[in-house]
Amino acid sequence: MSLKQRIADGLKLLYCDIRSAKWAVMFIIAYFVILKKLFRSLCPMVLLTGFPCPGCGLTRAGVHVLRLEFAAAWRIHPFIFAFILLVLAFAAERYVLRSPRMTVTKWCGIVMIIGMILFYVWRMTHMFPDVPPMTYYRRNLLAIAFRRRL
């Protein structure tokens, strides 16, 4: 198969994937818009418990990467670069190599999740609650519910 044909087939598959996921994409956009308007955070764990999750800061770090502010992105959440590499590995495996099993992406994703959890434990012991994004959100739903019960 020629490179041109491989690219054309990959683009067709990408188009089919986007079409089949349109409702999920619209739901995610609505989720972001509604939660940002109603609350200060987009993270369900922060909204519920007030504590940051292992992924807290990834969105801000991604915005810094888009602005080419790599040092700021690294300070907020260094796993943004691993996430970008994971997305590129997924795109290569799915659309260029057209691998049906996606084994490289799966294993890279598992390693990244384990790394993020270990990094989260380190951040909670060294940065919480003073350094954003590792701060406590006082207007969380559990705190509000318990204040009303007492």
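**Close-up 1. The side chains of Arg94 and Asp17 meet in a salt bridge, with 2.8 Å from N to O.** The view is taken from a predicted model. Side chains of opposite charge can pair when their charged atoms come close. The structure holds one salt bridge. Arg94 belongs to helix α6 and Asp17 to helix α1, so the pair ties together parts that are 77 residues apart in sequence. Arg94 counts as partly exposed because its relative accessibility is 25%.

**Close-up 2. Leu3, Ile7, Leu11, Leu14 and Ile18 make up a nonpolar patch on the surface.** Together these residues present about 490 Å² of accessible area. Leu11, one of the residues of the patch, is found in helix α1, which comprises residues 3–20. With a relative accessible area of 53%, Leu11 is classed as exposed.

**Close-up 3. Lys36, Arg40, Arg60 and Arg139 form a positive surface patch.** Arg60 is located in helix α4, which covers residues 58–66. The relative accessible area of Arg60 is 44%, and this residue is therefore partly exposed.

**Close-up 4. Aromatic pairs are shown for Tyr31 with Phe32 and for Phe70 with Phe81.** A pair of aromatic rings is described by the distance of the centres and the angle of the planes. A search of the whole structure finds eight aromatic pairs. For Tyr31 and Phe32, the ring centres are 5.8 Å apart and the planes stand at 85°, so the pair is edge-to-face. Tyr31 is partly exposed at 25% relative accessibility, and Phe32 is partly exposed with a relative accessible area of 35%. The pair of Phe70 and Phe81 is tilted, with 6.4 Å centre to centre and 50° between the planes. This pair links distant parts of the chain, eleven residues apart: Phe70 lies in helix α5 (residues 70–76) and Phe81 in helix α6 (residues 79–96). Phe70 is partly exposed, at a relative accessible area of 42%; Phe81, at 24%, is also partly exposed.

**Close-up 5. Phe51, Phe128 and Tyr136 form one aromatic cluster, and a cis peptide bond runs from Phe128 to Pro129.** Most residues other than glycine have a negative phi, and most peptide bonds are trans. For the bond from Phe128 to Pro129, omega is near 0°. Pro129 is placed in the loop between α7 (103–126) and α8 (141–149). A cis peptide bond also joins Pro132 to Pro133, with omega near 5°. Pro133 is likewise placed in the loop between α7 and α8.

**Close-up 6. Arg98 and Met102 lie in the loop between α6 and α7.** Although Arg98 is not a glycine, its phi is positive, at about 55°. Met102, a residue other than glycine, has a positive phi near 55°. Arg98 is partly exposed, with a relative accessible area of 41%, whereas Met102 is buried at 11% relative accessibility.

**Close-up 7. Leu35 and Leu47 are twelve residues apart along the chain.** Their C-alpha atoms are separated by 9.4 Å. Leu35 is placed in helix α2, which comprises residues 22–38. Leu35 has a relative accessibility of 13% and therefore counts as buried.

Definitions and conventions. Residues numbered from 1 in each chain as written. Predicted model: local features only at pLDDT ≥ 70, side-chain atom pairs only at ≥ 80, totals over all residues. Heavy atoms only, no water. Patch = residues over 30% accessible without salt bridge, like charges linked within 9 Å, V, L, I, M, F, W, Y side chains within 5 Å. Areas by Shrake-Rupley, 256 points an atom, 1.4 Å probe, with all protein chains shown as cover. Salt bridge = Lys/Arg side-chain N within 4 Å of Asp/Glu carboxyl O. Lys, Arg positive; Asp, Glu negative; His and termini not counted. Charge placed at Lys NZ, Arg CZ, Asp CG, Glu CD. Helix = DSSP H or I, 4+ residues; strand = E, 2+ residues; numbered from the N terminus. Buried < 20%, exposed > 50% of the residue type's maximum accessible area, 1.4 Å probe, protein only. Phe/Tyr/Trp six-rings, centres within 6.5 Å; stacked < 30°, edge-to-face > 60°.
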